[in-house]
Amino acid sequence: MDYKNAGVDIEAGYKAVELMKKHIASTMRNEVLTDIGGFSGAFSMEAFKNMEQPTLVSGTDGVGTKLKVAFEMDKHDSVGIDCVAMCVNDIACAGGEPLFFLDYIACGKNEPEKIASIVSGVAEGCRQSNAALIGGETAEMPGFYPVDEYDLAGFAVGVVDRKNMITGKSIKEGDVLVGIASSGIHSNGYSLVRKVFPMKKENLAVSYESLGGKTLGETLLIPTIIYVKALRSVKEGGVTIKGCSHITGGGFYENIPRMLHDGVRAQIKADSYEIPPIFDMLAKDGDIAKEMMYNTYNMGIGMMLAVDAADADKTVELVNKSGQKAFIVGEIIKGEKGVTLV
């Protein structure tokens, strides 16, 4: 009896590392001090000594049951972007600049080509956010996961000068809410998605005119947008972001209040921007009430910013120039902390 007979193929693990090295190399930054293969990753903080109060910010998350769609489609090269996005977008919400990322893949069987495909997506997410992929772990766990399934999670660290942190403390009545468009469902609410749409290849392979000619599976696997560049553009453009919410699980009703303080409320015009058609399809096919949709999904807005009214148009312009799409979607009013849709 040996480890391979027990279901763990060490040689496959070595091959997976070799296949992923080229993807990892494409994310390197000058501050990285270690090579892949060591027991830890090291990152120099020398470049940030000029900050008055350099402050580390971190985020950790996973892809969730969106992975079930990837399994059924046998497409694994984009869920890594979701994993990075869920972590670095949270860091950007605090005003932080992502520095480095580590991933964790747990699988029933180590198939090196599949693992390398997953890591290629992680590397792409790191490139989009200018974060170095400095380490990770691939755990082969036979008997714990089915042989053709895996879980994917990650952890990111960023830095911000404490005086530049986005805290929401200065939000006041009359401030304007600017929403940055999502690419679709992103990476939350897929347990409900899988209840509405049968997760069978024949269903996922059907194309819909309402989805721009894409198949249902392609639409559901569109990766989460990484907003690091857009928020950096707003900051470098001279606009102070007073509050910022990454619209993830819990939708508008849970996430937007997280940037508010007591005594102010977000009032949002539901028809102020275009809602991606996948949400209409989901609501109709699943008979999901409007309030539940906004309490579960991003509904087309992946990031919400609160800015001074005088900066609203400039914020939209700066976001649009960065390659994302922004809309003025509401304002801050007096009231109990929360969200009102009008």
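I began with helix H4 (residues 112-129), which lies across E2, E3 and E4 and runs at about 165° to E2. Contact here means heavy atoms within 4.5 Å. Helices (H or I, at least four residues) and strands (E, at least two) are DSSP runs, numbered from the N terminus. Angles run from 0 to 180 degrees between N-to-C directions, with axes fitted to C-alpha atoms, for helices over the stretch in contact.

I noted that this is a predicted model, in which local features need pLDDT of at least 70 and side-chain atom pairs pLDDT 80 or more, while totals for chains, interfaces and linings use all residues. Residues are numbered from 1 along each chain as its sequence is written, and side-chain values use heavy atoms, without hydrogens and water.

I next looked up the sheet. Its four strands form an open sheet in the order E1-E4-E2-E3, with mixed pairing; two strands pair if DSSP finds at least two bridges between them. Strands E1 (54-62) and E3 (132-140) are at the edges with a single partner strand each, so one side of each lacks a neighbour in the sheet. The twist averages 15° from one strand to the next.

I then followed E2 (residues 97-107), which pairs with E3 in the parallel sense over eight bridges. Ala106 has Ala139 in E3 as its bridge partner.

I turned to helix H3 (residues 79-93), which lies across E1, E2 and E4 (150-161), at about 30° to E4. H3 and H4 pack at about 40°, their axes 6 Å apart.
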